[in-house]
Amino acid sequence: MQIGHGPPSRRQAMFGGHGEVLVWDLLAGQPAPPFTSVLSCVLEAGGHVGRHVQQRDSEIVIGLTGCGEATVDGRAQPFGPGTVVFLPFRSTLELRNERADAPLRYLIVKATPAAAEPKPAPVRDDEPQER
């Protein structure tokens, strides 16, 4: 299963880990606020994405295939198909592919942190309400 079109970006030893991660940018630069990125990723068999901080966005990581472990803020949890991991802004993530014979596939969806999102203008009592 490949999610994404065209050649991926190939990244080696991400954040001090080891192995290769293939990354497809599914938004391809199109604006989609509050979302800043939607990435399809494949971590090679036995690979590891090193511990890193969410420096700009909040993020969810969705497991598609494979068997691994996600460590969020120092807490390890199983990671695989159907797993959804929420990473608030400034939290840490580390991913491991526990299989030596198969890739770990996942999606990353990044969004502007809620505190940074513009708030809707207050509704005045003397203005007509939409129905």
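Let me start with strands 5 and 10. In this predicted model, strand 5, residues 58-65, and strand 10, residues 104-111, pair in the antiparallel sense over seven bridges.

As for the overall count, the protein has ten strands and zero helices.

Strand 6 and strand 7 pair in the antiparallel sense over five bridges. Glu 69 has Pro 78 in strand 7 as its bridge partner, and Gly 68 stands opposite Phe 79, also in strand 7. Two residues lie between the strands of this hairpin, and Asp 73 takes a positive phi near 50 degrees there.

Most residues other than glycine have a negative phi, and most peptide bonds are trans. Asp 73 is in the loop between strand 6, residues 68-72, and strand 7, residues 75-79. Asp 73 is partly exposed, with a relative accessible area of 47%. Arg 90 also has a positive phi without being glycine, near 75 degrees. Arg 90 belongs to the loop between strand 8 and strand 9, residues 92-97. Is Arg 90 buried or exposed? Arg 90 is exposed, at a relative accessible area of 62%.

The peptide bond to check is the one from Pro 33 to Pro 34, which is cis, with omega near 5 degrees. Pro 34 is found in the loop between strand 2, residues 20-25, and strand 3, residues 35-43.

On to packing. In soluble globular proteins, nonpolar side chains tend to be buried together. Here the largest nonpolar core has 18 residues, and those with the most contacts inside it are Val 21, Val 61, Phe 79 and Tyr 106. Strands 2, 3, 6, 8, 9 and 10 each supply at least two residues of this core.

Take Val 61 as the example. Leaving aside neighbours within four places in sequence, Val 61 is in contact with Phe 79, Thr 83, Val 84, Val 85, Leu 87, Leu 93, Tyr 106, Leu 107 and Ile 108. Two of these, Phe 79 and Tyr 106, are also among the core residues with the most contacts.

The segment before strand 1 is also worth a look, and Ile 3 lies in it. Ile 3 and Ser 40 are 37 residues apart in sequence, and their C-alpha atoms are 6.0 Å apart in space. Beyond neighbours within four places in sequence, the contacts of Ile 3 are Trp 24, Leu 26, Ser 40, Leu 64 and Leu 107. Ile 3 is partly exposed, with a relative accessible area of 28%; it is not counted as buried because that takes a value under 20%.

A word on cysteines. How many disulfides are there? The count comes to zero, by the rule that the sulfur atoms must be within 2.5 Å. Cys 41 is buried, with a relative accessible area of 3%, whereas Cys 67 is partly exposed, at 35%.

Last, the totals. Buried residues make up 40% of the 131 residues. Among contacts between residues at least 6 apart in sequence, 62% join residues at least 24 apart. The accessible surface comes to about 8,200 Å², and 54% of it belongs to carbon and sulfur atoms.

Methods. Residues numbered from 1 in each chain as written. Predicted model: local features only at pLDDT ≥ 70, side-chain atom pairs only at ≥ 80, totals over all residues. Heavy atoms only, no water. Pairing = 2+ DSSP bridges. Helix = DSSP H or I, 4+ residues; strand = E, 2+ residues; numbered from the N terminus. Buried < 20%, exposed > 50% of the residue type's maximum accessible area, 1.4 Å probe, protein only. Core = buried A, V, L, I, M, F, W, Y, C linked by side-chain atoms within 4.5 Å. Contact = heavy atoms within 4.5 Å. Areas by Shrake-Rupley, 256 points an atom, 1.4 Å probe, with all protein chains shown as cover.
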